[in-house]
Amino acid sequence: MKICIVAGARPNFIKVAPITRAIDKAREQGHDVECQLVYAGGEDDKTLEQSLFDDLQMRRPDVFMGVDCASLNELTGRVMAEFEKYLETHPTDVVIVVDDLASTMAAAIVTKKQGVKLAHLVAGTRSFDITMPKEINRLVIDGLSDLLFTAGPGASNIVTREGVQLSQVYQVGNILMDTLRANHSRLRRPGFLEEQGIADGDYLVFTLNRKALIANTGNLRSMLKAILQQAGDTHIVAPLRPLAREAVAAQLSTINAPLHNFHLVEPMGYLEFGYLTAHARGIITDSGNVAEEATFNGVPCATLNSYTEHIETVSRGTNILVGEDAGRLGEAVADMVAKNWKKGNIPDRWDGRASERIVQILLSET
């Protein structure tokens with residue numbers, strides 16, 4: 001069996017890594033299976049530092065499509081053209097696409113047009129906001145997929161309600177936990193904490209990626225002010241990429257408040273960032289992946305959004321939704337600092353075996 005896995009952005013590799021290992025293990029056990037990893041971007045993509053692949057213990061992509069553009073519609077068209085070339089020259093039995101990017105949707109469309117079986121990893125996630133481009137991507141990808149791998153019963157119920165045959169839906173569990181569990185003992189304490197004399201549990205982590213949040217400078221300032229006011233003497237560590245770091249730094253310069261405990265630092269590798277979040281007193285983020293890891297680690301988490309595609313992090317985990325409301329965010333930070341937070345449980349099938357289930361299904365269904 002020839003499997004192609006398509007990754008569209010850096011976070012995809014965290015979910016792809018355990019599948020590549022499970023495929024390698026199946027081959028070692030005598031199964032006739034091989035895999036190629038295809039990346040939508042180029043080899044010079046600065047977000048794909050070698051340390052990422054070293055941390056995840058995986059190889060770099062076998063094929064780079066080399067698509068890099070700001071327009072989502074242009075990106076979709078170019079990925080479709082490049083991936084069509086790939087499938088025409090590489091015999092493939094099944095294509096696995098990950099998450100909900102424009103490049104993911106593009107690869108899914110081409111896969112079906114070429115008559116190749118399509119599998120969607122992390123199917124059934126919904127915001128129920130059709131104005132979001134990613135929501136459209138999700139609907140298209142799930143509607144085209146032959147195999148839908150979901151993280152839990154909520155996602156499975158969504159796709160079956162939308163008309164997908166139950167026989168196509170496989171509740172394999174949360175693939176993110178495969179990577180987290182496999183690497184938990186390898187997490188590395190960031191040197192920054194040592195340099196600053198910051199003890200485990202004595203800091204908050206702040207991450208920011210959403211362009212809409214970054215662009216709304218007035219509200220960003222209000223949220224930063226709320227964090228600073230309620231954090232008090234508690235350190236705030238913010239490992240941000242350039243766009244977010246510049247926006248946050250610009251707003252901090254306008255706030256009349258002590259800033260010595262707010263640390264803007266460079267982005268960290270997977271193992272260091274994993275340690276940072278696992279040992280934090282609390283996390284403020286707009287990332288669903290970070291919120292999921294917080295639930296696994298039992299760390300309080302406030303998500304800067306009014307919805308989550310991973311509702312189990314709220315219903316069973318340590319996550320709460322504060323939206324983009326500075327007042328609610330301030331209350332959440334005060335509760336984190338005071339260690340006044342709800343207890344969470346690890347949801348079902350967060351057991352680190354999702355990748356094994358996926359490969360077993362692929363071997364039996366294709």
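**Charged pairs and their surroundings**

Modeller: Asp99 and Lys15 join their side chains in a salt bridge, with N and O 3.0 Å apart (the term covers a side-chain nitrogen of Lys or Arg within 4 Å of a carboxyl oxygen of Asp or Glu). Asp99 lies in the loop between strand 4 (94–98) and helix 4 (102–113) and Lys15 in helix 1, so the pair ties together parts that are 84 residues apart in sequence. Helices (H or I, at least four residues) and strands (E, at least two) are DSSP runs, numbered from the N terminus.

This is a predicted model, in which local features need pLDDT of at least 70 and side-chain atom pairs count only at pLDDT 80 or more, while totals for chains, interfaces and linings use all residues. Residues are numbered from 1 along each chain as its sequence is written, and side-chain values use heavy atoms, with hydrogens and water left out.

Both partners are covered: Asp99 counts as buried at 13% relative accessibility, and Lys15 counts as buried at 4%. Here buried means under 20% relative accessible area, exposed over 50%, and partly exposed in between (1.4 Å probe, protein chains only).

A nonpolar core is a set of buried Ala, Val, Leu, Ile, Met, Phe, Trp, Tyr and Cys residues joined through side-chain atoms within 4.5 Å. The largest one has 48 residues, and Ile3, Ile5, Phe13, Leu121, Phe149 and Leu362 have the most contacts inside it. Helix 1 (residues 10–28) gives the most to this core, with 8 residues. Taking contact as heavy atoms within 4.5 Å, and leaving aside neighbours within four places in sequence, Leu362 is in contact with Met1, Ile3, Val94, Ile96, Leu147 and Phe149. A second, separate core has 31 residues, including Leu228, Ala238, Ile284 and Trp341.

The structure holds 22 salt bridges. Another of them pairs Arg245 with Glu266, whose closest N and O atoms are 3.4 Å apart. This pair links distant parts of the chain, 21 residues apart: Arg245 is in helix 11 (residues 242–252), and Glu266 is in the loop between strand 10 (262–265) and helix 12. Glu266 counts as exposed, at 53% relative accessibility. Helix 12 (residues 270–278), by contrast, is mostly covered, with 8 of its 9 residues buried. Among these buried residues are Tyr270, Leu271, Phe273 and Tyr275.

A further salt bridge joins the side chains of Asp351 and Arg357, at 2.5 Å from N to O. Asp351 is partly exposed, with a relative accessible area of 32%, whereas Arg357 counts as buried at 15%.

As for the setting, the protein has 16 helices and 13 strands, and 55% of its 366 residues count as buried. A compact globule with 366 residues would have a radius of gyration near 21 Å, and the protein has 21 Å, which agrees; the radius is taken over C-alpha atoms, and the globule rule is 2.2 Å times the number of residues to the power 0.38. Along its principal axes the C-alpha trace spans about 60 × 40 × 40 Å. Of the contacts with a separation of 6 or more, 68% come from residues 24 or more positions apart.
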